[in-house]
Amino acid sequence: MTTQASLVRQITDFAHRADPYPLYEELRRTPVLHEEEGGPYVISSYYDIEALLHDPRISSDAANLAAAGADELSQAENTGLPPSFIRLDPPAHDRLRRIANSAFGPPHTPRRVDDMRGELAAIVTGLIDGFGDARRIDLVDRFAYPFPVTVICRLLGVPREDEPRFRAWVDPLVASLDPETREEAGADFAKSAQEARTQLGMYLAGLVEQRTREPRGDLLSDLVHSRGPDGAMTMMEVLSTAVLLLIAGHETTVNLIANGMLTLLRHPEILRRLREDPRLAVNVVEELLRYEPPVQMVPQRTCIADIEVRGVTIPKGSRIWLVLAAGNRDPERFPDPGRFDPDRGDIQHLGFGSGIHSCFGAPLARLEAQIALAELARRLDNPRLVQDPPPYRRNAVLRGPRHLEIAFDGLR
Amino acid sequence: MRLVVDLNKCQGYAQCAFLAPDVFALHGEEALLYDPRAAEEQRERLARAVAACPVQAITADGLDGAGGATAEAGQGESGGR
Amino acid sequence: MVADYLERLRREGRIVIVGASLAGLRAAETLRAEGFAGSLTLIGDEPYEPYDRPPLSKAVLLGRASARHTELPHRREIDAKWRLGVAATGLDLTAKRVRLADGDEVEYDRLLIATGVRARPWPKEEEARLDGVCVLRTRDDAARLYQRLRSGPRRVVVIGAGFAGSEVASACREKGIPVTVAERAGAPLVGALGGAIGAVAADLQLENGVDLRTRVTVTALEGDAIGRVRAVHLSDESVVEADVVVVSLGSQRNTEWLTGSGLGAGPRGVACDAGCRAFDFRGIVTDDVFVAGDVARSPHALFGYQFLSLEHWGNAVAQAETAAHNMICHGADRRPHLWMPAFWSSQFGVNIKSVGVPPMGEQLMITQGSLAERRFVGVYGHQGRTVAAVTFDNARWLEFYQRQIEQGAPFPVEFPTVDRRPEGRQPVPADFPDPSLPTHGPTVTLSGYSPADRQLVFTPARH
């Protein structure tokens, strides 16, 4: 039997990474869980999460979070680079996001993502062709990781061959999002995350500087040269936005694709249907975002007023965790929530969050995952899992397999 | 294919305008414009847009794609709030 | 007995829906979805399948959609008999018959009235007949207006700056057409959102090059020798030359066909209870006549049980679903229509959305953002309660405020919010015009408490 007092620690405990869902179920029995003094208020029901994502008394501002204590990430952000828009409230958030969006999507650049479809398909084909004669591969290292990395590099204008360099900075930054790692590693770790963010910023500054002189039509160039009604980003704003997009642009999609293939291999009937009808990929990906969301929780919010959730008063200044993955399997919202069912008509998931901070790159992530999974289903002959469950990455927030060994009989 | 968007539900996430830019467009930062009659060659993109809408605001008929005959993701009454 | 009747109604009864637009279609679909297997007849005065109106003043005028192709998608097969292009002209409650313009009669066991509204025409008939004088309500109206705008008019005059008029003006400016807007109130949108927000809408128009004339009425439309409109005369004695005039003075409810039927129907619509059952003129609820959509007015628990007439797209859908459900189920299974009023408009590239009943509000607080930036959330208060909210390009926050209204949250808003500016610390007057004066495009009409009130004095808008 588990005790209430240890539930949050169990969730962040690496030992439970492969299947946190029974813990989430337990979590939902106490929809507003506050286990220890100074600890977070953990919200796990669909409707509560959805409401708080639209609640103007909830702040994402790094400064508010630091005031709430125990936020190592805000220290990591304290590096001379200003916070990125994910860690700001309006109006600063809205301004930066609008400028970033003007380079990425409608109304200013409506075709950027749609125009990438052919390129995405070509990258996928190249990676699958690259499996060659192998009959057993690690799908993460050979496909799920290199695909989104290549995409975000091309989109931003970061040289693909620099990946080993920036990976060395990205890894500690991403690890710093993991509550358990932060707690175990302590101050040294926070320091190394700061260091990594600074290094990554300096690396990107070199690229940005080139674009300042010589625009190239990539996103970095457009960020540098944006001159809309919101004015231009400062150089520091460009850098923190670029750091955010580079990391968020692949660290989540790798998990979406790896979780996706893992789930399909556990549901061979749906994999077979996807092979026969690639259009099914659309609903497969939406259901994946509900069933195995790559971002499991949002642990970076505070409330700027006393708020009441299900009769519990959360005092002003408290930290709040919104466990998206628990909400996505809330039986109050979805019938038979533990079943992977792309045919359920109603898949209004929390996988990309909601409200003003909803995932910036969602349309690109959707297309990447749709194309990737449809092509893997079509081309791999008799694919199967070598190890179930596979080994997982440590991270409880950005959750996914570290490796996904699969065997197959050949390529089609 | 005929379609309609419940603009009371729409919150301007613009997934549709990213994924089917010939059918849906943003007018300013948040307001959505769309063509209620999508051309046949937009079928696949329209299906992606309908499925991607974070608030399930798009109703289309004549999409016999993978999502089943009616491409309405969760109607008002059934979709919770 | 009752159970037998209902069983038979569901199996082989006759349901007639008068009004073949959004509410009519959604009601028909709901009836079939809930197992109604009898005969279903839809009667519509326009010769078209149900189509969607909101795009007519936006995407259609901008040339991004065709007026002829805004038909609504169907949620399911409805297997109905369509009587299109023929208006209903009378109702016999005793014989349970609807009379049609072509002399035909259609019998029903249960009737749904969803005849909606029409554009209020220019009151002087001779002037209204001038070539170039338009209204915008139907797809034919939109097709004609689109053609006129395409032919490059020297100037368009829009009479009335409600939502529809403002959207027309927005489309004109986007197409580079000079446009003058004449509005009786001090600013656009005041009937729906009050003067404080109206001032923002006025700035938006001026900044986009609209020649906005407020606190004026139109005294005459002047034609040329061959019957084309050539100028508009205003109450401040000025004259504006124009070759297109769009009359945008709100709407009139299509209830004339019910005159003498014994239903509680009049210029303010057809009164019904919360279950969508129509009242007769004595205030007694009927059991086989139901009402939905723009033509209905029904009591709302959240707003003091006032009878609300809602010219809202979402209301038409929700009320149709509720009415259809209630038409074919037992009393205990019936649902009240408790839809939260909500609407949207987009004009000059700004997305305007609202929930609740703004005209009830005496005061307004800008709880997020700023009026000057035209990105904000405004909250309306009435007697210490939050009753409505409006957003300009801030739609993602609106559902929070909807819950505040549902909970009867206190007003003024005491709690802090992100993006609160100094201007949002204190309430200001919402500044609605005198409610006894009819406004065009109010979208919500508070029509008192008495369901079959025959004492109304209705004053048409005079411009």
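Predicted model: local features only at pLDDT ≥ 70, side-chain atom pairs only at ≥ 80, totals over all residues.
The interface between chain B and chain C brings 26 residues of chain B into contact with 29 residues of chain C. Here the elements of chain B that give two or more residues to the side touching chain C are the strands β1 (3-5), β3 (31-34) and β4 (58-60), and the largest share, three residues, comes from β3(B). The residues on this side of chain B divide into eight nonpolar, nine polar and nine charged.

Within chain C, the domain assignment gives domain 1 (2-118 + 252-333), domain 2 (125-249) and domain 3 (342-432). The centres of domain 2 of chain C and domain 3 of chain C, taken over C-alpha atoms, are separated by 28 Å, and the contact between these domains takes 14 residues from domain 2 of chain C and 16 residues from domain 3 of chain C. On the side of domain 2 of chain C that touches domain 3 of chain C, the elements giving two or more residues are the helices α5 (163-174) and α6 (190-207) of chain C, of which α6(C) gives the most, with nine residues. This side of domain 2 of chain C is made up of eight nonpolar residues, five polar residues and one charged residue.

Conventions
Residues numbered from 1 in each chain as written. Chains lettered and ligands numbered in written order. Contact = placed C-beta atoms within 7 Å. Helix = DSSP H or I, 4+ residues; strand = E, 2+ residues; numbered from the N terminus. Nonpolar A, V, L, I, M, F, W, Y, C, P; charged D, E, K, R; others polar. Domains from an automatic or database assignment.
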